Amino acid sequence: MIISLGRSKIRSTVVALAITTALSVTGAVTIVSAEAATAPAGGAATVVAAQAVVLAAPGVEDEGADCTVPALPDAGSLPTNALLPDPFKKLNNTRISTTTEWRCRREEIKKLAEKFVYGEKPAKPSTVTGTVSTTSITVNASNNGKSSSFSASVQLPTGTGPFPAVVVLGGFGADTAAIRAAGAAVINYDPYTVGREGTPRTNKQGAFYSIYGATSSTGLLMAWSWGVSRIIDVIEQSSGTILRADATGVTGCSRFGKGAFVIGAFDQRIALTMPIESGSAGAPIFRGIPGEGAQSLSSAYGEQPWLGDAFGSFTGNPNRLPIDTHEIVAMLAPRGLFIMDNPHIANLGPRSASVAALGGAEVYKALGAGSNITYWSDIQDGNHCANRAEWRTPLQQNIQKFLLKTGSAAGSIRIAAKAQGNLSQWRDWQTPTLGSSGDTTAPSTPGTPAASNVTATGATLTWAASTDQGGSGLAGYTVYREQGSTDPQLGQPTTNSITLTGLTANTQYQVYVQARDAAGNLSGNSQPVTFTTTTGGGGGDTSPPTAPAGLAASATTPTGTTLSWTASTDDTGIAGYDVLRAPGASGGMFTQVGTSTTTSFGDTGLTPSTTYRYQVRARDAAGNTSPVSNTAEVTTQPGTSTGTCTAVPTVQTQWSTGYVIQPLTITNTSASAISGWTVTFTLPAGHTMTGSWNGTATVSGQTVTIRNVGHNGSLAPGAATASVGFQVSRPNGNTSLPSGYTCA
């Protein structure tokens, strides 16, 4: 939708700041400053943040992409600093003094975080396509000749769309029933399809690494972030009748809480981020973890390749890091942030997490957005990843405020007294009072774009340049496609031209341009240009190939199968085939697991005694895809171990009503390779399994059986897998643990 005087698609700008008054509350201390409070015994520290009216910035994944970032320091030259770095100090050692400077300071933090902590998040691939339906989202991405696909399921609330949506990682996050009851859809996202756990750093797997390489130094958390960004790309490109592209949230618990934290920080289109009990590698400050008794940084780094490879040199000395997680919290400002934490499990680092929230809240406060952050660890239930009654109301308030845009409840910081951090012990900097730049005059409106060099997949646009009217200087332009109620962004050039790529053949585009200056002022929208891309392949090829036929499986083993089919036909030739797989004999979604340029494909890494379904589709040189083939069903052979194995549990953490076993190390103790394993053990009376990962668990009475999954069943002689774990609840005060572990 084009609006002549500009639109709400502007970068986050603070427009008002009110002052709140201190208020006494029974059993808690309520303060205005986002600094740690001293709570009464058994009470909680509560921070009521400053009220603010903040305009959100939908449509921009990284609004500081055009900022010039000075050269980053080398790891070997970093000084040791036991205190938290000053989030307001730029790389040139000067401090920001205006709210408009935060945009580029945030970009500096982003680059530091990528280099030293998470690994690089690549820009949007050259081509992202997909579909949005009432039940699913499909994503197809390609870049530099490499491609991958994945999907997510959708659950809509009652009512009439389009709906805001919350991406829930791995089935563990905020209460999905409460999310849907509040009026938001749930997108069930399996991060392992994008970045798989249980893989070595030198052979990372998943949709992200299919494009950027198995040896990429980017960790899983950033890969998961990339995947959610591509889901938002597809929502932006959709009709907008099912899901709203300008109202997306994200949540996850435990390892998926780590993911949600990073996902929200690195995509500014996400309006509400809700990590839960994220633990080490999540919200807790790196510098505080060694002194708190939380999972060590070396353990978190080694357990899974969550963090980027470069972080390995800091696990023993986080004081050398030029960044800490309070600045990742700050990267979310002024957008909605609701951190939910558990003070009853020290292994999760709740004290360090509260310090991160308090430190990041200072940036929120400086931007006039103090009411947009909530940290809540004042809870009674100590079970890991449980749905808390205390969180239900703030959860719905945050959804109403940031996704539905119907609420205005102020955020608060409620820290349980037993796990309360003190920010003053961790900083030697003070929060500045940020003024405006003084430039409140918008640039002139750009000229009407002219389209040239239009092809099936691209076009070049040029327009008469804008001029700066207020003295801060012209910073660049944002190019939008007119598309219903939500106009996706096509690029952010710094000059008055752009070459668009990844367009759809034989499609009409209506495009307009908006200018911005260094103070963040936005011009009016240019008049739109309308052009139509040419037909695919340069020769008018819009006809898809015929569907492959006769799909069949052969040579099936416990961990693999070979597929073959009859070739498709096409008037311009077949470029290749996409191989799709779904779990089980029915239900489950088909996702792309590979490609082939021939009429056969070998799929490996399967689970013994497991049923899969396969389909194949053809592609021609113009990008047209055929209907899918017939479905071939395969059941892998039972695992045929010729050796023996052992299962050794490690208690990662325990509390009065539960515990986590991580890792459950399975070792092949024989001289022969094994292609599958089964671990059996007994739970004490009254103990109940509440979750497991990297293994298929079944429970009969108090007997638990865990079988390998596809990626960790094959073990060479002497090899081991340490990716398996599980969580158990138990009666309060019962200190028993499982026994009788056997492996076969």
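Begin by selecting lysine 121, which is found in the loop that runs between α1 (102–118) and β5 (127–132). The model on display is a predicted one.

Next, display the surface around this residue. Is lysine 121 buried or exposed? Lysine 121 counts as buried because its relative accessible area is 7%, and the cut-off for burial is under 20%.

Now show the side chain of lysine 121 together with serine 225. The two side chains are joined by a polar contact of 3.5 Å.

How many cavities of 30 Å³ or more does a search of the whole structure find? The search finds three. The largest cavity has a volume of about 200 Å³. To locate it, select Ser254, Gln295, Leu348, His384 and Gln652, which are the closest to its centre among the 20 residues of its lining.

Colour α5 (255–265), β29 (645–655) and β30 (658–668) next; these are the elements that give two or more residues to the lining of the largest cavity. The largest share, three residues, belongs to β29.

Finally, colour the lining of the largest cavity by residue class: six residues are nonpolar, 10 are polar and four are charged.

Definitions and conventions:
Residues are numbered from 1 along each chain as its sequence is written. This is a predicted model: local features need pLDDT of at least 70, side-chain atom pairs count only at pLDDT 80 or more; totals for chains, interfaces and linings use all residues. Side-chain values use heavy atoms; hydrogens and water are left out. Helices (H or I, at least four residues) and strands (E, at least two) are DSSP runs, numbered from the N terminus. Buried means under 20% relative accessible area, exposed over 50%, partly exposed in between (1.4 Å probe, protein chains only). A polar contact is a pair of N or O atoms within 3.5 Å; within protein, one must be able to donate a hydrogen and the other to accept it, and residues adjacent in sequence count only if both atoms are side-chain atoms. On a 1 Å grid over the protein atoms alone, a cavity is a set of points where a 1.4 Å probe fits but cannot get out, and a pocket is an open set with protein on both sides within 12 Å along at least five of seven lines; lining residues have an atom within 4 Å of a point. Grid points are joined across faces, edges and corners, and a volume is the space filled by probe spheres set on the points. Ala, Val, Leu, Ile, Met, Phe, Trp, Tyr, Cys and Pro count as nonpolar, Asp, Glu, Lys and Arg as charged, and the others, Gly among them, as polar.
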